[in-house]
Amino acid sequence: MKKTYYITSPLYYVNAAPHIGHCYTQVACDTISRFLRQNDCDVFFMTGTDEHGEKIEKASIESGLPKGCENKFVDAIIPRFKDLWKYLDINYNFFIRTSDKNHIDTVKHILDVLNKNGHIYKKIYKGWFCTPCEMFWQQSQAPEGICPDCKRNLEKLDEENYFFKLSSYQDKLIKCIESDELAVRPPMRKNEVLSFLKGNNLQDLCISRPKKRLKWGIELPFDKDYVTYVWVDALLNYISGIGYLGNKKQFKKLWPADLHLIGKDILRHHAIYWPILLIALGEKVPRKVFAHGWWVIDKEKMSKSKDNAVDPMRLLNEKGIKADALRYFLLSQVQFGRDGSFTENLCIEKYNSDLANDLGNLLNRTLTMVEKYFDGVVPKVLKDEGRGVRDGEDDQVKALLREEIKGLADELPKKIKHYIDIEKDGPDFQPALKAIWELINKANKYIEVSAPWKYAKDKNTSALAVIIDTLVQAQGIISVLLYPFMPHTAKDIWSQLGQENDILNIKYPKIKWGIIKPGTRINKGKPLFPRITSE
Ligand code: ME8
């Protein structure tokens, strides 16, 4: 039976159009999902949008719509997210909106259960509140009235609200995280959460907003004068979306989630509030929460509200950086978990060096030689392989390089598995891509060193066949291994190598030397990555 994985992205706020920070999480989730499917696993990848709360209400009013028309505002913005995910080849299984009826019914049902079971109480809240972060802060946490997270001014609040008894399960949560029943990763984030939990008494979580202040939310099932705090509403998506209320069979199959992939800004919500809500509900905690770093511009987090957001469509339209090139940049530029600094120039530099020069040229040169020397057909290598190549004076170097290429290619699937494995410390995309590029670079070097044009001049076809076969096999393997990271490019390489079967059907055990059969007619197309000149 296939192994099942349930992977989630955060639900993105729909107060503005998405930027490359949001693309980052999506691309990472998509890459993991594609990788697991290649390994014959059954994957359910869920994403969606977070549509309630003050932030959205404010954005709706600012857009010129009257209060009470927030649904129109969010409906209009959803296609921007869906279209972008389509453009980026994000292959999710379900898109949940917190305005979906099923989600609303589930939230009401769960709050009712929690209330009936004594987990919720009412009291007057006095303290600070940050509207952009939707977070409450104690005087001791924010003595200057500045939000510790986003550094903006806080508002003083003094109002009666409902609270969830977060504090009851503090010790239980510490044990869950320490034992990795809930694996918080990377390790620095595990340490961060544990030291917070051990060094502070958890304050109970305010889970309501009075309607006189905010109407755009899910009404509390036990008090019609209040709506639910947006974070409680949003976190519950992870179970409402897989049938907690209406599809028990699917819920049983998928829960607990194997991975909640998030940005580090929302670690506390996912590693503290969410597991405690689940414990109170009598459900299992998620298996893993992985918090990646931020894309920053001039040391500031890229964000919709800070006006420094980079629109991926602008990168395409003004710079010619297509979806896969952006995917590659995001995944290869930094170690997953750390912050990365984004500039257009860096993105263009990496495009030109890794994609245009290394990957694109390798394919182009190889296929040009297949056309020129073998009429566009992948040659058969004679049994005594490499005979002719050993004729020259630097024969040893060439033979060694060829062996190295084969060795690297044989090892590559295992290496990638190791880095992406979400059941261990992964995912980490950068070293996985580095390993693929090591092979690409070795193959380019092999062309330089073996100088096939010299054999062509000498009409040494058997030697030429060995060189071409080595290059073609390596690129067959590279294309399939690249597929989770750059699906469009992988398919393109695969098809230019003359392969007619769907790359999706090539599962991991089939990724090995000999993947491209001799006699295959190649299908050379346009260069994959034409160079970009930056002004
Ligand atoms: O927090 N760099 O939504 P959101 C990297 N609705 N990743 C970034 C980023 C940046 N500069 N900016 C955003 C919310 N992200 C809530 C989540 S989940 C139940 C509710 C990514 O739209 C990052 O993964 O503000 C962040 O966690 C996510 O976008 C959502 O941001």
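The model is a predicted one. Strand 13 spans residues 288-292, and five of its five residues are buried, so the strand is largely enclosed by the rest of the structure. Strand 13 pairs in the parallel sense with strand 7 and also runs parallel to strand 12.

**Burial of strand 13**

- In a regular strand, side chains alternate between the two faces of the sheet.
- Both faces of strand 13 are covered.
- One side carries Lys288, Phe290 and His292, all of them buried.

**Pairing with strand 7**

- Strand 7, residues 183-185, is joined to strand 13 over three bridges in the parallel sense.
- Within this pairing, Ala183 stands opposite Lys288 of strand 13.

- Strand 12, residues 259-263, runs parallel to strand 13, and four bridges join the two.
- His260 stands opposite Val289 of strand 13.
- From strand 12 the chain passes through helix 10, residues 267-281, to reach strand 13.
- This β-α-β crossover is right-handed.

**Cysteines**

- The structure contains zero disulfides.
- Cys69 has a relative accessibility of 17%, and therefore counts as buried, given that the cut-off for burial is under 20%.
- Cys130 has a relative accessibility of 0%, so this residue also counts as buried.

How values were computed
Residues are numbered from 1 along each chain as its sequence is written. This is a predicted model: local features need pLDDT of at least 70, side-chain atom pairs count only at pLDDT 80 or more; totals for chains, interfaces and linings use all residues. Side-chain values use heavy atoms; hydrogens and water are left out. Buried means under 20% relative accessible area, exposed over 50%, partly exposed in between (1.4 Å probe, protein chains only). Two strands pair if DSSP finds at least two bridges between them. A crossover is right-handed if, with the strands pointing away from the viewer, the path from the first strand over the helix to the second runs clockwise. A disulfide is a pair of cysteine sulfur atoms within 2.5 Å.
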